[in-house]
Amino acid sequence: MRPTEAGPPGAGAPFPPFVVAVICALGVGCVMFDQTSLVVAAPTITDEFGAGISGLQWLTAMFPLVAASTMPLSGLLGRRWGARTTLRLGLGILVIGGLLAASAPSMEILLATRVIQGAGAALVLPNAATLLGGNVTDPRQRTRSIGPWMTASSSALLLGPLTSGLIAEHLGWRMTFLANIPFALLAVVLLRRLHNTPRQRAGRVDVAGLLLASATLALLAWSLITSGRGGADWALVAGGFALATLLAAVFAIVERHARDPLLDVELFGNSRVRMILVASFAYNAAINGTAILISVFFQGHRGFSATAVGFFILVANSGMPLAGAIVNAVRPWLDNLQLMTAGLATLTLAFVALGLGSHLHPALLFLPLLGIGLGAGVLYFVDTNVVLEQVRGPEAASAMAALSLMRQIGSVLGIAAMASVGQLAVSAGLASTGAPIAFLVSGAMVGAITLEAARRLRARR
């Protein structure tokens, strides 16, 4: 059998599990690099184009907004074409989007290129994990390989902030969009050596569901971003929220009667998967919603350079690969629910400490910044592992797409909401700058999920 063909169930991968994990991680790393590099460069970009805080929110939210809107299509294509083919296509789209972004003459064109990149990311994220599971079929080896996969992919979180800070400061922000293109092309070549996942006759695209879901999410994002503007038309904002609620209700009705629904609602019948989906929404909203605020706060209010801020974010992101090593070390003693509770608690404490101590010397904030990365890394491992354990075969692509969808929806709404929460706090006279308030709100939101996880842990005992 040639390595470019789909292997039968149980067929061995052409490489050891560790190598398979690294190859599958390359694509995810490109997406992570793109997202984190923009966090550092975004203030410079919006200054050049004369965009305000709302422009900054749209610039960072557009990528996950499009990714979330097209994520269900990614699962369908993963079943129809196989995860490897879909993953390689997504990387090609990312490359095209990066080339166009680097030459964008205006904010409007740049936002359009972020739409292209978001579509590419939607094809990459769920299918990378699905391809890993398809090539490492032994349960023990698969569990062990998730750690190296997460460590390798999250290493882009270390390169992204510092590299983009240096590039933006010395070569200009446009070059930040070109930095990961060689790695994306390398991934396209290496992925050809892995077995494709089994192809399944997939149903037709749920166009009505796709349009309704995209419109609902976009309208929610617009309403949240607009609510944070000075002098916002609150009647218009309330109308936006009401219309989004109506569209969500129509979406639920349409999906209930759809022959091939956009989202496999049966996944929510599994209590473990349901808990994972809710938690992934919450922690992604907190992490991605505050990431851009960390950049803006330290550059705009504390007066640090883009390179220095890149270093601060690097400290936070370094927790992700560290978490992969820690999880592999403690797996013999802690199960998924225990790890999840520990990750959520770490994340909660980190956000509270960052909110209360944001005025302190940056060196004193390294511990909470590192805690954000550690908590996120543990949670990323747990939710990926639980879904791969609970859903096997061709349906794994849809399950991973649902997980990635919840992550991206959380990211979109977090980016839209957290900056607006901070602005509203400033407008109400509760704070002189909004970022610390947003950090505390994020801690409270993740803390609520932490309490639920702890309750389940006590009930099990």
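The following legends describe close-up views of a predicted model of a protein chain.

**Figure 1. Overall make-up of the protein chain, with its 15 helices and zero strands.** The chain contains 461 residues, and buried residues account for 57% of them. Contacts between residues at least 6 apart in sequence were also examined, and 85% of these join residues at least 24 apart.

**Figure 2. The crossing of helix H1 and helix H2.** Helix H1 spans residues 17-49, and helix H2 spans residues 53-81. The axes of the two helices come within 10 Å and cross at roughly 165°. Because angles over 145 degrees count as roughly antiparallel, H1 is described as roughly antiparallel to H2. The crossing in which H1 passes H2 is right-handed.

**Figure 3. Residues that form the contact between H1 and H2.** On the H1 side, the contact is made by Val-31, Asp-34, Gln-35, Leu-38, Ala-42, Pro-43, Ile-45 and Thr-46. On the H2 side, Gly-55, Leu-56, Leu-59, Thr-60 and Phe-63 take part. Sorted by class, the contact of H1 with H2 comprises eight nonpolar, four polar and one charged residues.

Figure 4. The structure holds zero disulfides.

Terms used
Residues are numbered from 1 along each chain as its sequence is written. This is a predicted model: local features need pLDDT of at least 70, side-chain atom pairs count only at pLDDT 80 or more; totals for chains, interfaces and linings use all residues. Side-chain values use heavy atoms; hydrogens and water are left out. Axes are lines fitted to C-alpha atoms, for helices over the stretch in contact, and angles run from 0 to 180 degrees between N-to-C directions. Helices (H or I, at least four residues) and strands (E, at least two) are DSSP runs, numbered from the N terminus. Angles under 35 degrees count as roughly parallel, over 145 as roughly antiparallel, 65 to 115 as roughly perpendicular and the rest as oblique. A crossing is left-handed if the near helix is turned anticlockwise from the far one by less than a right angle, and right-handed if clockwise. Contact means heavy atoms within 4.5 Å. Ala, Val, Leu, Ile, Met, Phe, Trp, Tyr, Cys and Pro count as nonpolar, Asp, Glu, Lys and Arg as charged, and the others, Gly among them, as polar. A disulfide is a pair of cysteine sulfur atoms within 2.5 Å. Buried means under 20% relative accessible area, exposed over 50%, partly exposed in between (1.4 Å probe, protein chains only).
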